[in-house]
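Please look over the sequence and the structure shown here before reading the notes that follow. They are arranged as a short briefing.

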Amino acid sequence: MDMRLKVFSGNANRSLAEAIAKELKIELGKALVGRFSDGEIQLKVEDNVRGADCFIIQPTCAPVNENIMELLIMADALRRASASRITAVMPYYGYARQDRKAEPRVPISSKLVANIIVASGVNRVLAMDLHASQIQGFFDIPVDHLYATPVLLSYFRAKKFSDLVVVSPDAGGVERARNFAKNLSADLAIVDKRRPRVNEAEIMNVIGEVNGKTAIILDDMVDTAGTLVKVAKAIKDKGAVRVMAACSHAILSGNAREKILNSDIEELVTTDSVPREQNGKDKIVTLSVAALLAEAISRVHNNESVSSLFVKERE
């Protein structure tokens with residue numbers, strides 16, 4: 001593709017955007033992303049983008065609505081400045097949990113947000129570990145769905161754990177956990193739980209053998225950490241000798257850090273898809289996905305396969 005590659009960032013995760021630009025050996029595009037006195041977003045793209053292949057790095061993490069609006073307004077600015085193609089790079093996609101009408105008179109917010117993003121002028125989406133795979137279909141434009149699996153697997157392979165079991169904290173995550181376990185030559189266990197209310201979980205049973213093993217609880221995201229801590233206790237009570245946890249997106253709302261710090265979990269290994277302050281007192285290990293996203297951006301720009309990045313890990 002004979003177009004200049006340009007990478008821009010909003011305020012959601014600028015450190016990740018700078019790391020991606022460094023991997024690509026280019027400078028981050030210049031754009032003013034500020035606020036008017038009444039709180040409205042003020043944005044100006046300061047680089048010439050006419051005919052350019054533009055990527056906007058903007059996870060829609062907290063503050064979710066602010067970050068979504070920055071993405072929309074930047075896409076509109078690039079479109080009106082005659083960019084040839086605009087790709088929204090969302091390492092974390094907010095509103096992903098509201099992906100179906102689970103009860104009467106509730107929205108499908110995930111679809112609504114996808115519609116708005118497409119309407120803003122975005123031509124393509126790069127997302128990572130969407131909460132539900134059907135969200136890809138909510139966008140009426142191409143979506144490349146990346147996985148943080150290669151980054152997480154490298155970390156745990158280096159640890160050389162023996163007698164390992166990967167634990168899915170619910171039935172919906174079994175495929176993810178099974179694939180992870182296969183790549184680590186580990187066993188698989190599943191936690192049977194129910195949710196009486198939003199952000200609350202009751203552990204009903206642990207299916208599979210965890211006694212005497214090192215367990216890795218694998219999920220796509222950790223928000224309040226309530227479920228994660230309960231799952232850790234349940235498998236510890238069943239005889240697991242060590243309990244680790246891994247997720248792609250560490251949202252860590254409220255006192256989630258404190259819950260993890262006081263739990264049976266030795267480490268929560270996650271990525272920098274969502275920015276957070278480093279705290280030497282907590283148990284959180286953050287791995288960067290900058291190189292992975294940079295490679296995906298390079299492949300999209302050069303019209304090369306993105307899915308082949310993950311073939312080995314998903315066989």
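Are H1 and H8 parallel, perpendicular or oblique to each other? H1 and H8 are oblique to each other, a word kept for angles that are not under 35 degrees (roughly parallel), over 145 (roughly antiparallel) or 65 to 115 (roughly perpendicular). This is a predicted model, in which local features need pLDDT of at least 70 and side-chain atom pairs count only at pLDDT 80 or more, while totals for chains, interfaces and linings use all residues. Residues are numbered from 1 along each chain as its sequence is written, and side-chain values use heavy atoms, with hydrogens and water left out.

**Overall picture**
- The protein has 9 helices and 14 strands, where helices (H or I, at least four residues) and strands (E, at least two) are DSSP runs numbered from the N terminus.
- A compact globule of 315 residues would have a radius of gyration near 20 Å, and the protein agrees with this at 20 Å; the radius is taken over C-alpha atoms, and the globule rule is 2.2 Å times the number of residues to the power 0.38.

**Helices H1 and H8**
- Helix H1 (residues 14-24) packs against helix H8 (residues 290-301) at an angle of about 60°, with the axes 8 Å apart; axes are lines fitted to C-alpha atoms, for helices over the stretch in contact, and angles run from 0 to 180 degrees between N-to-C directions.
- Residues of H1 including Leu-16 and Ile-20 meet residues of H8 including Leu-293 and Ile-297, contact meaning heavy atoms within 4.5 Å.
- By class, this contact of H1 with H8 has 9 nonpolar, 1 polar and 1 charged residues, with Ala, Val, Leu, Ile, Met, Phe, Trp, Tyr, Cys and Pro counted as nonpolar, Asp, Glu, Lys and Arg as charged, and the others, Gly among them, as polar.

**The open sheet**
- An open sheet is formed by 5 strands in the order E1-E4-E5-E6-E7, with parallel pairing; two strands pair if DSSP finds at least two bridges between them.
- Strand E1 (5-9) and strand E7 (143-146) are the edge strands, each pairing on one side only.
- Strand E6 (residues 124-128) pairs with E7 in the parallel sense over 4 bridges, and Ala-127 has His-145 in E7 as its bridge partner.
- H1 lies across E1 and strand E4 (53-57), and runs at about 165° to E1.

**Helices H4 and H5**
- Helix H4 (residues 149-159) and helix H5 (residues 174-183) pack with their axes 11 Å apart, at an angle of about 45°, and they are therefore oblique to each other.
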